[in-house]
Amino acid sequence: MKNIVIIDGVRTPYAKSGTVLKNVTADTLGAFVIKEIVARTGIDPKIVDEVIVGNAGMPAEAANIARVIALRAGIPQPIPAYSVQRNCASGMQALSSAYAQIVSGLSDVVLTAGVESMSNFGFYTTKRLKDIFTAIGRSKTLWEKVIAGLAIRPPDLVPVVGLTLGLTDPVSGFNMGQTAENLVQDFAISRKEQDEFSLWSHQKWSAANEAGKFRNEIAPFYVPPKFEAVEEDVGPRKHQTMDDLEKLKPYFDRKTGTVTPGNSSPITDGAAAALVMSGDRARELGLKPLGRIRAYAFAGNDPSRMGLGPVFATNKVLKLAGMKLSDMELIELNEAFAAQVIACEKAAASEQFFRRHLPGEQPIGEFRRDIMNVNGGAIALGHPVGSSGMRIVITLLKEMERRNLATGLATMCIGGGQGGAMIVERI
Amino acid sequence: MSAFHYEIDSHGIAVLTFDLPDEKVNKLTTAVMDELSRILDDLSISRTIKALVIRSGKPDNFIAGADISEIRNITDADLGEELSRNGQEVLQKIEDLPFPTVAAINGACLGGGLELALACRYRVVSSGPRTVLGLPEVKLGIIPGFGGTQRLPRLVGLANSLDMILTGKSVYPRKAKRIGLADEVTYKENLLPAAVALAKKAIDTAAPKKIRARRPLAMKVLESNPLTRSFIYRKAENEIRKETRGNYPAPLAALDAVRHGLIHGKRAGYAHEALLIGQLIASPVAKNLIHVYYLSEILKKEARTSAVSIDHAAVTGAGIMGAGIAQLLAEKGLSVRLRDVNTKAVGAGLRTAHDIFRKRMKKGIVTAIQARDGMDRIAGGPDLAGFAQADLTIEAVIENMDVKKQVLRDFETVARPDAIFATNTSSLSVTELASAAQRPGRVVGMHFFNPVEKMPLVEIVRGKQTDPAVVAAISALSVKLGKLPVVVNDGPGFLVNRILMPFLTEAARMLEEGESIDHIDSVLMKFGMPMGAFVLLDEIGIDVAYKVAGILHKGLGDRVAPPDLLKRLYKEGYYGKKNGKGFYCYEGRERKGPDPVVLSLIASTNGHSKTIPDQEIIDRTILLMIKEAALCIEEGIIDRPDLLDAALVFGIGFPPFRGGLLKFADDAGAKEIVEKLDDLAKRLGDRFSPPKSLFEMSRDDFISQVVS
């Protein structure tokens, strides 16, 4: 069986939406990271077989954003590109698709990226307003246009916020935050537990940032038009306190909820990229890989409790790889919400949970906190939806390299009720 | 073989295609005009043609102008006048055709080519990057001679036409539409269909009579009657006299031709245009300007195509030069990695490049998408990422040999063995720098001038060990970048700065002796230099000039020793325009009068003022340049006098109307120059003593190789 390796990965600083990256489009961020990974790995772009980009928002002005990104990054025209969307795990999907394409022999070298500009999620018109505008456009005479326009009523003019639409699951009717509140109920998670977890995430990020751990992961981004360099994530609070967190009000259930903006991942802009190829090709080119993809799995679960996705996906990938959770020396579990991570911790070790939802399976065990998200997680540095899936794999491998570890697990929940999990190894 | 062919479609629309055989570019030679004349005669009596579209068969140009080589050899004003008359008559046949005519223009449409298009009723223009319209004749010392001075004002209005004709500037599609020069702008693939459609619509309509430009009301009023028009003429004349200082007769003649036609009618206008161009063609100024034009063509031809393709470049140093170079490379399609010591410096460099793109976009030289693509091609960082893939690296860091050697060593740790290392140094030895290289053959000098986007010259410096293939590759690249490369051998100051320095230091010496900044600078500008010596010193930077002068002094000897004044000003912190303290006073970017503090500084050492005769001011500066140029040839810095002349015209703006420094020397005669130098040496010092080669040449004349 072929060895599929990740040569190296890089990302932009992640910035809270509405801050420094707010005017940078997703394709600009994507072109930047693709150019960076090509420059850092030193490859000739001509050897690339495919460019795969994960992106959830799929902006209308950059149809097949992967192609736009590839061309803007100077990847030669003959090299094809396509975009993938698996909601919050689109970045991980890009890596998985690259794996599948290489392992099947269809490609040898694939450039992947996961990008999101949540600042640039659009506002939409209501369907009624759109139909009225279409009727106006189709009318031939000025009089007809005026008549068509008279149908507009004030409620039609209220824009629909794209972000809200995107973060609401249409099947269950719950938005992401509400699914977290559902888990709070299911697992009796206290507000305090969530806030403590969040504080810990910020502290870990802060320590890692001070120690310069992100320097070989983040490529400084120069923001037009002044081109001032952004070298650090923007948004994580270096001096977060429990007081700050306790003061915040619940956002998704104003009356009785416990999930606040402080114990949720912030809306964020950012991009990440990685170069994936077959082990043989890496050897031929004299490139030393960061690690290899051992196995990956996606699994479906209840959309109203999407936050438990990691449990289902991890269960599946461990079986695929013939390994146990205790074999994992380092873990990245994407922190969409503190409540959701805590719920996963509880469910993974719960006989009762497994009996009900995964009958015939044994609980996978403990997501040990001492090896989980050791440099902070999405609660601190944000969750640009299409990008995080790639970031957690890259950051996992780089920390494994620092600690000289062999095996790691990256896993995340996915809006719509799925989980993604990827086991990586250092070779 | 015929240069024209035409087809008539079922609707009676004729399409006439001009495709000059065996040439990349369409030109209006006498043979072409004869053939065109015959064809127009045929077309005029056709019964089936209802409209005519004229287009070019060349992929990237319409018609680039008349044949300059035909004009070059004419010394008789009557012949010149006749050439113009003939051309006017042929183009008049287009205007007289009994059906509408449309010119379909893609690429360069210049000089006679635009005049042909003006004779058509309508012009449709493609929006591609290479489409440009203009009447650049004044740049060659002549004026439009095929009716352009008469047709253009009546189409776009007086002010717009004078702006084009008197400066010879290029107009891009967007502006062309705005001023009514183009009736329609469309993309290249749609050019012919759009022209045919316009022709069809125009069938059985009369030719439009009014001026088609979109002009503000004030301008319309000003241009509408002879009384207020004379105000425009006077203003234009004053500006011309101020700019040209009487050295360039062509713009005044062009103004005269336009005015004559508007006062006395078109027929008289055409006759006057022909008369004036006849006189100009035979004039020495035109001959010299055409000579300079051929010099630029030689420079491009000398840069033979190289098999080496340079697509990825890395630039170290994100200051003004480095950022400017990165912008140039990116605009021309290369991907560029920009590096400096920290992210702040890199960001500043990216900003500089971005600002240059924005400026060029506003001027219409590049479109918004081209500017965006260009910036996409530039990435930067403080490390060596991206340097491994570079075909070429250019270093533009500070003028410090140790720093440059370190940049070289860093580069060689990651670079491919065939990658080229080019240095933008203006004063340090390329050979010395190469000595620190593992692969000295790949090291070459590529000296740009400031500002990079504007200055056409690039000095390509051969180090002792530089591989000829590397020189060829960089020369070819320079042409691709739209620059003019001149290859020189390594030596202090290379070629251009070495020759320029004595010009500057001698001016400073005259100031020390008690002359005035104003007087010296105005005399030098009257001679034709684009700016005075002290304006230039302020622009370059007194600190830079002082340091370079020191390097030249060390390398070339006492004859180029810098005067004390430079040292004193440098020590007092006078760095020129960049820090607002120079020979002149500066308010932001604007130059005011001479700085009285500087004057008093001089007066305090000198005590008295002195007036030096104009001719001596010129002799002392220009003859020293000639001497230095001769030494450059003697010492093998360059072996071709014509290329030396080209370098000085395109590098420092040596007056093109004089044909070049050594052409000027030629015209004066080596004998006279040697005599003057001898005289100056006796009076003022050894630095003037004539070099051996000049002395020998004073016996036969110094022959500047003229282009054939």
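User: Is E590(B) buried, partly exposed or exposed?
Analyst: This is a predicted model, and the relative accessible area computed for E590(B) is 47%. Buried means under 20% and exposed means over 50%, with partly exposed in between. The salt-bridge partner of E590(B) is K592(B), with the closest N and O atoms 3.2 Å apart, and K592(B) has a relative accessible area of 35%. By these limits E590(B) is therefore partly exposed.

User: Which residue forms a salt bridge with E513(B)?
Analyst: E513(B) sits in the loop between helix 20 (496-512) and helix 21 (517-527) of chain B, and its partner lies in helix 26 (residues 614-634) of chain B, 107 residues apart from it. The closest N and O atoms of the pair are 2.8 Å apart, and the partner is buried, with a relative accessible area of 0%. Both residues belong to a network of salt bridges whose members include E506(B), R509(B) and K610(B). The residue that pairs with E513(B) is R620(B).

User: How many residues apart in sequence are the parts that R130(B) and D60(B) tie together?
Analyst: R130(B) and D60(B) form a salt bridge, with their closest N and O atoms 3.4 Å apart. R130(B) is exposed at 56% relative accessible area, whereas D60(B) counts as partly exposed at 27%. R130(B) lies in the loop between strand 7 (122-126) and strand 8 of chain B, and D60(B) in the loop between strand 3 (51-56) and strand 4 of chain B, so the parts tied together by the pair are apart in sequence by 70 residues.

User: Which strands stand at the edges of the open sheet of four strands in chain B?
Analyst: The sheet has the order 4-6-8-9, with mixed pairing. Two bridges join strand 4 to strand 6 (residues 108-110), and these two run parallel; within this part of chain B, A108(B) is the bridge partner of N61(B). A strand with a single partner has one side left without a neighbour in the sheet, so the edges belong to strand 4 (61-63) and strand 9 (170-171) of chain B.

User: At about what angle does helix 4 of chain B run to strand 6 of chain B?
Analyst: Helix 4 covers residues 112-119 of chain B and lies across strand 4, strand 6 and strand 8 (132-134) of that chain. Relative to strand 6 of chain B, helix 4 runs at about 85°.

User: What is the relative accessible area of V102(B)?
Analyst: V102(B) is found in strand 5 (residues 101-105) of chain B. Leaving aside neighbours within four places in sequence, its contacts include L52(B), I54(B), Y122(B) and L198(B). V102(B) counts as buried because its relative accessible area is 0%.

User: Which helix of chain A gives the most residues to the side that touches chain B?
Analyst: Between the two chains, 15 residues of chain A are in contact with 19 residues of chain B, and the area buried between them is about 1500 Å². Two salt bridges are found across this interface, one of them between R337(B) and E36(A), at 3.0 Å from N to O. With five residues, the element that gives the most to the side of chain A touching chain B is helix 1 (residues 26-41) of chain A.

Technical notes
Residues are numbered from 1 along each chain as its sequence is written. Chains are lettered from A and ligands numbered from 1 in the order in which they are written. This is a predicted model: local features need pLDDT of at least 70, side-chain atom pairs count only at pLDDT 80 or more; totals for chains, interfaces and linings use all residues. Side-chain values use heavy atoms; hydrogens and water are left out. Two strands pair if DSSP finds at least two bridges between them. Contact means heavy atoms within 4.5 Å. Axes are lines fitted to C-alpha atoms, for helices over the stretch in contact, and angles run from 0 to 180 degrees between N-to-C directions. Buried area is the accessible area (1.4 Å probe) that two parts lose on being put together, summed over both. A salt bridge is a side-chain nitrogen of Lys or Arg within 4 Å of a carboxyl oxygen of Asp or Glu. Buried means under 20% relative accessible area, exposed over 50%, partly exposed in between (1.4 Å probe, protein chains only).
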